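Please find below a short note for your file. The points follow the order in which I went through the coordinates.

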Amino acid sequence: RRVLTRRHLGFTLIEAIVIIVILGVLAAIIAPRFLGRIGQSKEAVAMTNMKSLAQAVNLFRADCGELKEGMSLDILLTCPADVAQDKWKGPYINNADQLRDPWGNPYVLVFPGDRNKADFDIVSYGSDGRPGGEGENKDLVAP
């Protein structure tokens, strides 16, 4: 049998420092690329969700008639006071979480739309939740 000496049982301090430095360099190179992708994926999720909400709004309009100024996306969960109960076939979405964008801000129903003048817009104001902005703070509009 060979007797293992203490020297062969673990890493030296210098070897550990070299490994930590290499991992730090790799993290500094790779992390910014992944962080940019997270923002892009949130935008893609928001656009998909807004298109689904637009379909739900169109179902509401088919059942209850035209939208009125000042209506919010809450019409998809609860029957508005000015709509007859027998016309409203909702809820048109599964839960209230669907009314929030990936950043946790509420989607906004704009009627008449700014982008779709003859129709409506569904807007996400991005990560800051305020109109305007660039990058992750930019406004997203659908349909």
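In which helix is Arg61 found?

1. Arg61 is found in helix H1. The model is predicted, and the values in this note are to be read with that in mind. The relative accessibility of Arg61 is 19%, so the residue counts as buried, the cut-off being under 20%. Beyond its neighbours within four places in sequence, Arg61 is in contact with Glu66, Leu67, Asp119 and Phe120.

2. On the chain as a whole: there are 1 helix and 3 strands, and along the sequence they follow the pattern α-β-β-β. The helix H1 covers residues 13-64. Among the strands, E1 covers 108-110 and E2 covers residues 121-124.

3. On burial and surface: of the 143 residues in the chain, 26% are buried. The chain exposes about 10,000 Å², and 57% of that area is supplied by carbon and sulfur atoms. Of the contacts between residues at least 6 apart in sequence, 43% join residues at least 24 apart.

4. On the aromatic rings: how many aromatic pairs does a search of the whole structure find? The search finds 2. For Phe60 and Tyr92, the ring centres are 6.0 Å apart and the planes stand at 85 degrees, so this pair is edge-to-face. Phe60 lies in helix H1, whereas Tyr92 lies in the loop between H1 and strand E1, so the pair ties together parts that are 32 residues apart in sequence.

5. Trp88 and Tyr92 form an aromatic pair that is also edge-to-face, with 5.8 Å from centre to centre and 85 degrees between the planes.

6. The relative accessible area of Tyr92 is 15%. Trp88, with a relative accessible area of 14%, is buried as well.

7. Why does Ser124 count as buried? Its relative accessibility is 0%, so Ser124 falls under the 20% cut-off. Leaving out neighbours within four places in sequence, Ser124 is in contact with Met50, Asp101, Trp103, Tyr107, Lys138, Asp139 and Leu140.

Methods:
Residues numbered from 1 in each chain as written. Predicted model: local features only at pLDDT ≥ 70, side-chain atom pairs only at ≥ 80, totals over all residues. Heavy atoms only, no water. Helix = DSSP H or I, 4+ residues; strand = E, 2+ residues; numbered from the N terminus. Buried < 20%, exposed > 50% of the residue type's maximum accessible area, 1.4 Å probe, protein only. Contact = heavy atoms within 4.5 Å. Phe/Tyr/Trp six-rings, centres within 6.5 Å; stacked < 30°, edge-to-face > 60°. Areas by Shrake-Rupley, 256 points an atom, 1.4 Å probe, with all protein chains shown as cover.
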